[in-house]
Amino acid sequence: MKLLVIGSGGREHALAWRLAKTPGLQRIFVAPGNAGTARERELENVNITDPRALADFAEQEHVLLTVVGPEAPLADGIVNLFRARGLRIFGPTKEAAQLESSKDFAKRFMARHNIPTARFATFAERASAHAYIDRHGAPIVIKADGLAAGKGVVVAMSLKEAHAAIDTMLPEKCVAGPGGTTVARVVIEEYLEGEEASFIVMVDGKNVLPLASSQDHKRIGDGDTGPNTGGMGAYSPAPVVTPEVHARTMREIILPTVRGMAADGIPYTGFLYAGLMISKDGAVRTVEFNCRLGDPETQPIMMRLKSDLLTLLEHAVAGRLNEVEASWDRRVALGVVLAAANYPGKPRTGDRITGLPKGSDDSHVFHAGTTDTDGLVLTSGGRVLCVTTLGDNIKQAQKLAYDTIVGIHFDGMQYRHDIGHRALSR
């Protein structure tokens, strides 16, 4: 049996690492992969990114199943392409991936199907967006409409910050795109109070299998300060997702979304990520949808997964998720992201990474922005590594993660020192 994982980040490293634990697998290809996947004995990097070339490769190698990690190929329709050629692949179609690729699509979908979320308005023109902000005041949230790798969101605590975000995200004049659409749009939302958590499920078009809850840390600095990033660390489970919150999320958000997509003629298959805002009274609202696993949430989730991941994926592709359950390690998993100099702006690349430890049952360093050049591991992106550990409780997992980080070095390395602080304060 051969599998193909598409992507080059920490999420894909963690997925491939977990799949490699499946008995009887002949090979797991990662396209294009990174220095971490290149160094895993059971994995093989394939330097292919073109969707048609990937489909050709899957055919030639008789790949049993393909799993798509990042959002960009999903938004570009790689699932449509593979299915048209009779290839088994897990992920949403281009049409279903609009839940992430267009904030405006997602918000209108939620409004149409009565899924709880923040009030919003969409703008393609600066003057009207500025006027809306002046009417509603701050704090307020501004989101770029398209894919932005987790960095197209500004939580503006002042009017000055909000207006600056509009000027950054929207051109001075509307630029026409295909079909009469505009090239750039923003969605402006009301600011929601509460605690965020990540709620990720597998969907086969009709049935839903929830994965372990998790909570990530989006801002660059300790104490949740500074600009948003793609995620600076995460842990699982998230104590804020109580059994009551879990049930409410399934009842009010996840199941209505799956049914709503089917009713709209766009059945959803693949991983579905709902970013939640949980208020003190237990009410849950949807901050955003992602059409794939979160990163860095995947790393702790995969560390805790005890079930065979391939079995879950095969049931999902066959439309039989209702026949399986996922089992989880009772321990807590925590991951700390090590980021490059200048991240989340334009990260510096090419710095040599030293002190990488060997993985163990309780600790693994998942690679993201890394490359192997002449036997040296170098930085090649903003989020470079995710040091992920298991512990009997959040404090133990946190200590092991930060003890592991002490031995790792690359010039300009930056990371948060308080991953897990919300769980510790509960």
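Reader: Which domains each give at least three residues to the lining of the second largest pocket?

Author: Domain 1 (2-93) and domain 3 (331-425) each supply at least three of the lining residues, with the domain bounds coming from an automatic or database domain assignment. This is a predicted model, in which local features need pLDDT of at least 70 and side-chain atom pairs count only at pLDDT 80 or more, while totals for chains, interfaces and linings use all residues. Residues are numbered from 1 along each chain as its sequence is written, and side-chain values use heavy atoms, with hydrogens and water left out.

Reader: What makes a set of grid points a pocket, and how much space lies in the second largest pocket?

Author: On a 1 Å grid over the protein atoms alone, a pocket is an open set of points with protein on both sides within 12 Å along at least five of seven lines. The second largest pocket holds about 610 Å³, a volume being the space filled by probe spheres set on points that are joined across faces, edges and corners. Its lining counts 26 residues, among which Trp17, Glu40, Gly359, Ser360 and His364 lie nearest the centre, where lining means having an atom within 4 Å of a point. Two or more of the lining residues come from each of α1 (10-19), α11 (298-304) and β19 (363-367).

Reader: How do the residues of that lining divide into nonpolar, polar and charged?

Author: There are nine nonpolar, six polar and 11 charged residues, where Ala, Val, Leu, Ile, Met, Phe, Trp, Tyr, Cys and Pro count as nonpolar, Asp, Glu, Lys and Arg as charged, and the others, Gly among them, as polar.

Reader: What makes a set of points a cavity instead, and how many cavities of 30 Å³ or more does a search of the whole structure find?

Author: In a cavity a 1.4 Å probe fits but cannot get out; the search finds one of 30 Å³ or more. The largest cavity has a volume of about 40 Å³, and Lys103, Ala106, Lys107, Met110, Lys143, Glu189, Val287, Glu288 and Phe289 line it. Helix α7 gives the largest share of this lining, four residues, and the lining divides into four nonpolar, no polar and five charged residues.

Reader: Why are β6 and β8 said to stand at the edges of their sheet?

Author: Four strands form this open, antiparallel sheet in the order β6-β9-β7-β8. Because β6 (120-123) and β8 (153-156) each have a single partner strand, one side of each is left without a neighbour in the sheet. Strands pair if DSSP finds at least two bridges between them, and β7 (residues 140-144) and β8 have four, in the antiparallel sense, so they meet that definition. Within this part of the sheet, Ile142 stands opposite Val154 in β8.

Reader: What makes α7 a helix, and which strands does it lie across?

Author: Helices (H or I, at least four residues) and strands (E, at least two) are DSSP runs, numbered from the N terminus. Helix α7 covers residues 103-112 and lies across β6, β7 and β9 (186-190), at about 145° to β6. Helix α8 (residues 126-136) lies across β6, β7 and β9 too, at about 155° to β6. Such angles run from 0 to 180 degrees between N-to-C directions of lines fitted to C-alpha atoms, for helices over the stretch in contact, which means heavy atoms within 4.5 Å.

Reader: How many bridges join β19 and β22?

Author: Five bridges join β19 to β22 (residues 383-391) in the antiparallel sense, and Ser363 has Thr389 as its bridge partner in β22. Both strands belong to an open sheet of five, ordered β12-β15-β18-β22-β19, in which β12 (215-216) and β19 are the edge strands.
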